[in-house]
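Here is a short briefing on one protein model. Please keep the sequence and coordinates open while reading.

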Amino acid sequence: MRRFVLDTSVLIGSADPGELEGAISAASIAELHFGVLVAGDGDERALRAQRLGVIEATFEPIEVDAAVAREWGRLAAAVVERGGQPRWRAIDLVIAATANVCEAPLLTADVSDLAIVDDLVRLVAEGMT
């Protein structure tokens, strides 16, 4: 099996996140918790909480440690050098940094989120595995 780090977009878009194989960043857990808390109504909040529960039971998230922080800094600096705003994609960059530190491709549903650094991160579009 080819090893991937799964982007939050893949976790959200999967019909059954419990059937996904790969690793996830702790940053994805943060994004998912945020999504639960800002859900517009009780039914949506319940669905998101259920999905989050499955994901938390399925994966042991990769920590955002000093190595990931250093790699985030490198990617964020590249975004600035290329005329972008790293704050707009801060969490995406943390997840990409996690993939780079793990030496694994990042499986994402939206490669355009990281197009500005696509030469620095191995991106794989969902469905292209």
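Which side chain meets that of Arg89 in a salt bridge at 3.0 Å, N to O? Asp92 does. A salt bridge here is a side-chain nitrogen of Lys or Arg within 4 Å of a carboxyl oxygen of Asp or Glu.

The model is predicted: local features need pLDDT of at least 70, side-chain atom pairs count only at pLDDT 80 or more, and totals for chains, interfaces and linings use all residues. Residues are numbered from 1 along each chain as its sequence is written, and side-chain values use heavy atoms, with hydrogens and water left out.

**Salt bridges**

- By this rule the count comes to 5 salt bridges.
- Arg89 also meets Asp113 in a salt bridge (3.1 Å, N to O).
- Arg89 sits in the loop between H4 and H5, and Asp113 in the loop between E2 and E3, so this pair ties together parts that are 24 residues apart in sequence.
- Helices (H or I, at least four residues) and strands (E, at least two) are DSSP runs, numbered from the N terminus.
- Through shared partners, salt bridges join Arg89, Asp92 and Asp113 into one network.
- Arg89 is partly exposed, at 37% relative accessibility. Asp92 is buried at 9%, and Asp113 is buried at 18%.
- The cut-offs are as follows: buried is under 20% relative accessible area, exposed is over 50%, and partly exposed is in between (1.4 Å probe, protein chains only).
- Glu71 and Arg74 form a further salt bridge, at 2.8 Å, N to O.
- Both Glu71 and Arg74 lie in helix H4, 3 residues apart, about one turn of the helix.
- Glu71 is buried, with 13% relative accessibility. Arg74 is partly exposed, with 40%.

**Sheet**

- The open sheet has 3 strands in the order E1-E2-E3, with parallel pairing.
- Strand E1 (5-6) and strand E3 (123-125) stand at the edges; each has a single partner strand, so one side of each is left without a neighbour in the sheet.
- Two strands pair if DSSP finds at least two bridges between them.
- E1 and E2 pair in the parallel sense over 2 bridges.
- Val5 has Leu106 as its bridge partner in E2.

**Nonpolar cores**

- A nonpolar core is a set of buried Ala, Val, Leu, Ile, Met, Phe, Trp, Tyr and Cys residues joined through side-chain atoms within 4.5 Å.
- The largest core has 20 residues, and those with the most contacts inside it are Val5, Leu93, Leu106 and Val117.
- Helix H4 (66-81) and H5 each supply at least two residues of this core. H5 gives the largest share, 6 residues.
- Val117 touches Leu75, Ala78, Val79, Arg82 and Leu93, not counting residues up to four places away in sequence. Contact means heavy atoms within 4.5 Å.
- Another core, of 13 residues, lies apart from the largest one; Val10, Ile29, Ile55 and Val124 are among its residues.

- The expected span of a helix is 1.5 Å times one less than its number of residues.
- Helix H2 (residues 26-37) has 12 residues and should span 16 Å; its end C-alpha atoms are 17 Å apart, which agrees.
- Helix H3 (residues 42-58) has 17 residues and should span 24 Å; its end C-alpha atoms are 24 Å apart, which agrees.
- In H2, the residues Ala27, Ser28, Ile29, Leu32, Gly35 and Val36 are buried. Their cover includes E1, helix H1 (8-13), H3 and H5.
- At the start of H2, a side-chain oxygen of Ser25 reaches to within 3.0 Å of the backbone nitrogen of Ala27.
- At the start of H3, a side-chain oxygen of Asp41 reaches to within 2.9 Å of the backbone nitrogen of Asp43.

- Ile91 lies in helix H5 (residues 90-101). Ile91 is partly exposed, at 33% relative accessibility.
- Leaving aside neighbours within four places in sequence, Ile91 is in contact with Ala27 and Glu31.
- Glu103 is found in the loop between H5 and strand E2 (106-108).
- Phi of Glu103 is near 55°, a positive value in a residue other than glycine. Most residues other than glycine have a negative phi.
- Glu103 is exposed, with a relative accessible area of 67%.

Terms used: A polar contact is a pair of N or O atoms within 3.5 Å; within protein, one must be able to donate a hydrogen and the other to accept it, and residues adjacent in sequence count only if both atoms are side-chain atoms.
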